[in-house]
Each structure stands twice: as structure tokens, then as C-alpha cells.
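Subject: Structure handover

Hello,

Here is the structure for you to look over. My notes follow below it.

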Amino acid sequence: MPVCDTQRAWLQLGHEPLDLNAIHAHLADPAAGGEVVFTGSVRNHHEGRRVHALTYEAYPEMALAEFGRIAEAIAARWEVQRVVLHHRLGYLTVGEACVVVGVSAAHRQEAFEAARYGIDRLKREAPIWKREHFEGGEAWVTNCSGCH
Amino acid sequence: MSDARSALTFQLSVKLFALLREQVGHAALTLELPVGTCVRDLAQHLRAAEPRLTPFLEVSRVAVNLAFAPPEQVLQPSDEVALIPPVGGG
């Protein structure tokens with residue numbers, strides 16, 4: 001599955017709210033028996049702090065290149081029909097969706113495994129950062145607990 | 001003297017993001033590097049140019065032309081280079 005094939009992989013990074021209807025429409029495929037959509041959203045707590053918002057920023061050109069590499073790796077490892085990787089940027093309040101990884105496949109096992117791989121690798125590799133706004137202050141927070 | 005020096009070095013801009021940009025106060029740093037400098041050598045040049053980066057160099061990764069780069073990769077003047085601090089997407 002080549003990355004430039006927008007029919008199969010839909011990669012997006014932007015400030016607009018994530019459009020779950022459009023994402024489900026993209027994943028629909030006559031050869032797919034199911035789709036798995038992971039949606040990550042802004043949580044109201046982190047390490048004991050009461051969080052009210054997150055601000056996301058990215059190195060956008062590299063993040064999209066990384067999304068493409070993730071989609072390629074998924075297509076190489078699992079038999080999937082379509083892949084969606086979307087991440088939202090800017091100021092997001094509690095409950096808003098920040099990331100969606102969706103996969104449709106003939107069978108559920110491939111769809112679950114590929115979606116899990118996609119979100120895990122995105123969180124590890126994509127050059128995206130978040131600033132947490134919590135009660136009493138704000139700070140950069142990372143996905144790597146031993147990093148700072 | 002200056003001619004000999006310029007023949008052996010090149011200028012390279014390194015993009016900075018998130019907390020690194022905040023620490024330094026700029027979105028990029030320009031380094032003067034010896035020809036043949038590898039990705040693994042970049043940390044010492046960054047430390048010399050901007051000591052405020054020192055605490056973050058060990059946990060940051062180097063990206064060259066939009067991908068994480070191996071330590072032995074030789075840097076070229078035309079490369080787009082970025083220092084990537086620990087990420088927090090999702």
C-alpha cells in the first residue's frame with residue numbers, strides 16, 4: 001500500500017476538530033469485515049493534577065512523514081483495507097478528541113492489532129508535543145516517563 | 001585564514017521545538033560545523049553553541065530530512081535538521 005494512495009491511507013494534521021463521520025466513511029470498504037477506530041481525547045487528570053486543557057504543537061512536515069511510515073508499516077505487516085491517522089493541533093479542552101487511528105480489515109484481529117500498533121508508534125515516534133494546562137500552572141508533558 | 005576556515009566548515013541550521021524552543025528563545029540555531037560532522041557529533045556542537053540545551057541533549061533525538069537519523073549519518077549543508085525533544089502526541 002503506497003502512502004501516496006489517498007484512497008487507502010488518509011493522513012492528517014491540523015487545527016480543525018476531528019471529523020469521526022468522515023473517518024468512518026473513509027474506512028468503509030466492501031472487502032472489510034470490520035473497522036477499529038481508536039480515539040484519544042483530553043483527560044481531566046494527569047499525575048494527580050486537575051487538567052483543563054492541552055495545547056498541541058508539531059513539526060508538521062516530519063509528523064506527516066512519520067504518519068506515512070506508520071501506514072506503510074501497517075500495510076506491510078497486516079492485511080488491511082484502509083488506514084486513518086489524524087492528529088489535532090492547538091488548544092483542546094477536556095473531552096475533545098486529539099487523535100484518531102482507524103483501520104479497516106477483512107477480519108477483526110488484523111484491525112485490532114494494526115490500530116494498536118498505529119497508536120503506540122504514533123505516541124512514540126511522531127514529533128508532536130503537548131503543553132498541559134492544569135490547576136495552578138502549565139507544563140510540557142511527554143509520553144516517556146523516564147525522559148525528564 | 002578565513003578562506004581556509006570556510007573551506008573546511010559549513011553552516012547548518014537546527015530547528016528547535018516545544019520546550020527546546022522555549023529554553024533557547026529561538027526556533028532554530030545556526031551552527032558552524034566541520035565538513036564530515038556526523039549526527040552523533042551534533043550534541044557537542046549544540047552544547048557549545050547554546051549551553052541551555054545541555055540538560056535536554058541526552059533525551060532528544062536528531063531528525064535529518066524528516067526522519068530520525070542514525071548516529072553515523074554524515075550531515076550535509078543541504079540537510080534539514082531538527083532536534084526532537086521527548087514527544088507527547090496522543
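A:Glu125 counts as buried, at 17% relative accessibility. The cut-off for that label is under 20%. Please keep in mind throughout that this is a predicted model.

**A:Glu125 and its partners**

Which side chain does A:Glu125 meet in a salt bridge within its own chain? That partner is A:Arg124, with 3.7 Å from N to O. A:Arg124 is partly exposed, its relative accessible area being 47%. A:Glu125 also reaches across to the other chain. There it forms a salt bridge with B:Arg61, and the closest N and O atoms are 3.3 Å apart.

**The interface**

That last pair leads to the contact between the chains. Three salt bridges are counted between chain B and chain A. In terms of residues, 26 of chain A are in contact with 21 of chain B. The size of an interface is often given as the accessible area lost when the parts come together. Here the two chains bury about 1,900 Å² between them. Carbon and sulfur atoms account for 59% of that area.

Strand β3 of chain B covers residues 61-64. Strand β5 of chain B covers residues 81-84. The two run antiparallel and are joined by four bridges. The bridge partner of B:Arg61 in β5(B) is B:Ile84.

The sheet as a whole is open and has five strands. Their order in chain B is β2-β1-β5-β3-β4, with mixed pairing. At the edges are β2 (28-34) and β4 (67-68) of chain B, each pairing on one side only. Helix α3 of chain B, residues 42-49, lies across β1 (9-16), β2, β3 and β5 of that chain. Helix α3 runs at about 120° to β2(B).

**The sheet in chain A**

Chain A has an open sheet of four strands, in the order β1-β5-β7-β2. Pairing is mixed in this sheet. Its edges are β1 (9-14) and β2 (34-41) of chain A. Each of these has a single partner strand, so one side of each is left without a neighbour in the sheet.

How many bridges pair β2(A) with β7 of chain A? There are eight, in the antiparallel sense, and β7(A) spans residues 97-105. Within that pairing, A:Val100 of β7(A) stands opposite A:Thr39.

Two helices of chain A lie across its strands. Helix α1 (residues 20-27) lies across β1, β2, β5 (80-88) and β7 of chain A. Helix α1 runs at about 160° to β5(A). Helix α2 (residues 60-77) lies across β1 and β5 of chain A, at about 155° to β1(A).

**Other salt bridges**

Side chains of opposite charge can pair when their charged atoms come close. Over all chains, the structure holds 13 salt bridges. Among them are these two in chain A:

- A:Glu96 and A:Arg88 meet at 2.8 Å, N to O. A:Glu96 is partly exposed at 25% relative accessibility, while A:Arg88 is buried at 10%.
- A:Glu138 and A:Arg131 have their closest N and O atoms 2.7 Å apart. A:Glu138 is partly exposed, with a relative accessible area of 42%. A:Arg131 is buried, at 17%.

There is also a network. Salt bridges with shared partners join A:Glu66, A:Arg69 and A:Arg121.

Why is A:Cys98 in no disulfide? The nearest cysteine sulfur belongs to A:Cys144 and is 18 Å away, whereas a disulfide needs the two sulfur atoms within 2.5 Å. Is A:Cys98 buried or exposed? A:Cys98 is buried, with a relative accessible area of 1%. B:Cys38 counts as buried too, at 12% relative accessibility.

Best wishes

Terms used:
Residues numbered from 1 in each chain as written. Chains lettered and ligands numbered in written order. Predicted model: local features only at pLDDT ≥ 70, side-chain atom pairs only at ≥ 80, totals over all residues. Heavy atoms only, no water. Buried < 20%, exposed > 50% of the residue type's maximum accessible area, 1.4 Å probe, protein only. Pairing = 2+ DSSP bridges. Contact = heavy atoms within 4.5 Å. Axes fitted to C-alpha atoms, helices over the stretch in contact; angles between N-to-C directions. Buried area = accessible area lost by both parts, 1.4 Å probe. Salt bridge = Lys/Arg side-chain N within 4 Å of Asp/Glu carboxyl O.
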